[in-house]
Amino acid sequence: MFSYKKYSAILIAMKSLVFSFLLFLLTLNTTAQETVKQKDTTTVKNDSVNTAIIKNFNQKIAIIESQRVSDSIKKATLEAQILSLKTTDNLKKDELQKQLQELYSKENKRLEQKKAQIDLLRLTAKGYPVMGFFNDTLFTIYSKLGSFSAKDRADAISSRIKKLGNDYGFKSDSLKVIEAETTEDLMYKESIVISISENDILWNNTTKKDLAAKYKKIISDAVTTYKQETDIATLAQEIGLALLVLVIMGVLIFYLRKFFNWIAIKIQNEENKRIKGIKIRNFTLFDAKQQVNALLNVNTVLKWIFILLMVYIALPILFGIFPWTKDFAGTLFGYILNPLKKIAIGFWNYLPNLITILVIIFVFRYVLKAIKFLKNEIHTGNLEIPGFYADWANPTYQIIRVIVFAFMVIVIFPYLPGSDSPVFQGVSVFLGFLFTFGSAGSLSNIIAGLILTYMRLFKIGDRVKIGEVVGDVIEKSLLVTRIRTIKNEIISIPNSTVMGSHTINYSSDAPEKGLIIHSTVTIGYDVPWKLMHDVLIEAASKTPLVLPDPKPFVLQTSLDDFYVSYEINAYVKEPNKQAIIYSDLHQNIQDVCNEKGIEIMSPHYRAARDGNTSTIPASYLGKEYKAPSFNVNFKNQAEKE
């Protein structure tokens, strides 16, 4: 059962809520008044500028106005004289009528001059708004009246209109237009609300009666609307409607949180089921746990975005309910709509440039495709250009592609948003300096890489010697050349170093002419050179990968003090296998020399031969071989004599 205590507690809570909401509205109203005061302060500052602008206008109007007063006095005098004349004095009456007509004609010219001056000032002059009850502009005052400036008049009229709103007996019929000597006065009871002068009707391009009727309707409607919207019954309805909006917003937020909490539970339950992580080939970007945590974080962010969005939408609705805060509704919506509008307008205005950029990119894309097609044809040998080698195709294409991209950027640059701004240009210059000074060393390597490409010193897979490094070329880039040695060591050599060193290419002519490998053996003078030639040629012929034609040959490179230098030369077509070929050749030289009974005594080998075993391995010596004994010969004195 619903107890009285519970009912009292709910009633107290509702009263507190209503009181808090009214206090919130009062705070907003105070803020609005402070904003109006700040605007007034700004208006005062701008008024001095406006005064300077219309100073010349006021001087000219003052001259015209003084002429109008003088002419008015003359008209009044002439009209009095005409009335005082007798009916028989027609000549005098005609003369006075003629003078009066001239004054009327002069009055019309004066009005035309004043209107022309006002039309010239219309684009530069600043008007001052007459404010309504809810900080809305009812109409604008441009001209002064007597000692009152345009701003003083606007402030005074605004104050009088607000006093009408406090009069409980106000009726729209109570506003009346009274014609004065030089103005049309809009009066409420005995008080003048606004006086409409000749300058006012010229500023508004109308007549005094029409302008007075227009102002009367505007003021009457403003006061009537204010009384209707500040009626107690209306305020009660507005407060009830605001409470309803708050309740609906609270219910929506409650169920929105429940919905996102339900989604969070579903995400956790799908771990290692549907959610198994994200893998890119063999790389695990997210495992199941990490993916669940990421989805939960996204769910939380989306929940708060929707809650804040609902609050942001509800606030303008609340502000729009009460007349004092209607302006805040437009302001809040403007915070989102104005940037979106600017973005949309900016995109629409930029659309021609964007289409131009897309067309330029489209054209350059197919230009690059055509160049790439030519590159592929040259690289595969389908298209031959005299003096242009197939291995030049790829590097030349890369150079042309960079040039084409650079030219495309130059063409597109003027169409980029903000390209003509000093900040954009400053950043471009800074990046240019950064690239120039930061890549000084790299540029030297790039230039050296280009030169090496077109010099065709070597290609991928060639066995080369660069400086003291020997190996196979496995990579050629714009910056470095990489070589794999026979020990499987990868050595990176900067292209500028390659250009500064001597380079030996073992593979360039090997497939056609063959590479000559050579090795030197030194043998004593006791071995006949013809025998040694035959031995070395036989050893080379037994070596695998050595070509039989052209045949190996021997050169005697020097005749030294203790031995002769024999150089065996042989042709091979697989320079990448030099290490194993040299190893086999040396083995065969040892074997054949041993078979022929030739001792390799070089470079320096001293031995007392008598009584010492031969240096030839025992496996090459016969079974009957015995080391010679040490012989000593004796001769007596008689034999000597």
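This is a conversation about a predicted model of one protein chain.

Trainee: What should I know about the model before I start?
Mentor: This is a predicted model, in which local features need pLDDT of at least 70 and side-chain atom pairs count only at pLDDT 80 or more, while totals for chains, interfaces and linings use all residues. Residues are numbered from 1 along each chain as its sequence is written, and side-chain values use heavy atoms, with hydrogens and water left out.

Trainee: OK, how many helices and strands are there in the chain?
Mentor: The chain has 17 helices and 15 strands, where helices (H or I, at least four residues) and strands (E, at least two) are DSSP runs numbered from the N terminus.

Trainee: And what share of the residues counts as buried?
Mentor: Of the 641 residues of the chain, 30% count as buried; buried means under 20% relative accessible area, exposed means over 50%, and partly exposed lies in between, with a 1.4 Å probe and protein chains only.

Trainee: Which residues have the most contacts inside the largest nonpolar core?
Mentor: They are Phe139, Ile141, Ile161, Leu164, Leu175 and Ile219, in a core of 32 residues. A nonpolar core is a set of buried Ala, Val, Leu, Ile, Met, Phe, Trp, Tyr and Cys residues joined through side-chain atoms within 4.5 Å.

Trainee: Which element gives the largest share of this core?
Mentor: The largest share, seven residues, comes from H6. Other elements that each supply at least two residues include helix H3 (90-121), strand S2 (137-141) and strand S5 (191-196).

Trainee: What does leucine 175 touch?
Mentor: Leaving out residues up to four places away in sequence, leucine 175 touches Leu164, Phe170, Leu186, Met187, Tyr188, Val193, Lys216, Ile219 and Ser220, a contact being heavy atoms within 4.5 Å. Among contacts in the chain between residues at least 6 apart in sequence, 59% join residues at least 24 apart.

Trainee: Switching to charges, how many salt bridges does the structure hold?
Mentor: There are nine salt bridges, each defined as a side-chain nitrogen of Lys or Arg within 4 Å of a carboxyl oxygen of Asp or Glu. In one of them, the side chains of lysine 151 and aspartate 155 meet at 2.8 Å, N to O.

Trainee: Where do lysine 151 and aspartate 155 lie?
Mentor: Both are in helix H4 (residues 150-165), four residues apart, about one turn of the helix. Lysine 151 is buried, with a relative accessible area of 13%, whereas aspartate 155 is partly exposed at 37%.

Trainee: Which pair links distant parts of the chain?
Mentor: Arginine 153 and aspartate 200 form a salt bridge at 2.9 Å, N to O. Arginine 153 is in helix H4 and aspartate 200 in helix H5 (residues 198-204), 47 residues apart, and both are buried.

Trainee: Is lysine 217 buried or exposed?
Mentor: Lysine 217 counts as exposed, at 54% relative accessibility, while aspartate 221 is partly exposed, with a relative accessible area of 37%. These two form a salt bridge whose closest N and O atoms are 2.9 Å apart, and they sit four residues apart in helix H6 (residues 208-229), so about one helical turn separates them.

Trainee: What about strands, how do S8 and S9 run?
Mentor: Strand S8 (residues 463-466) and strand S9 (residues 469-476) run antiparallel and are joined by four bridges, where two strands pair if DSSP finds at least two bridges between them. Isoleucine 466 has valine 469 in S9 as its bridge partner, and in this hairpin, with two residues between the strands, glycine 467 takes a positive phi near 65°.

Trainee: Which residue stands opposite arginine 482?
Mentor: Glutamate 475 stands opposite arginine 482 in S10. S9 and strand S10 (residues 480-484) pair in the antiparallel sense over four bridges, and they form a hairpin with three residues between them.

Trainee: Last topic, how many aromatic pairs are there?
Mentor: The count is nine, where rings of Phe, Tyr and Trp (its six-membered ring) pair if their centres lie within 6.5 Å, and planes under 30 degrees apart count as stacked, over 60 as edge-to-face and the rest as tilted. Phenylalanine 259 and phenylalanine 260 have ring centres 5.6 Å apart and planes at 75°, so the pair is edge-to-face.

Trainee: Which residues form one aromatic cluster?
Mentor: Phe259, Phe260, Trp262 and Phe306 do. Within this group, phenylalanine 259 is partly exposed at 44% relative accessibility, whereas phenylalanine 260 is buried, with a relative accessible area of 6%.
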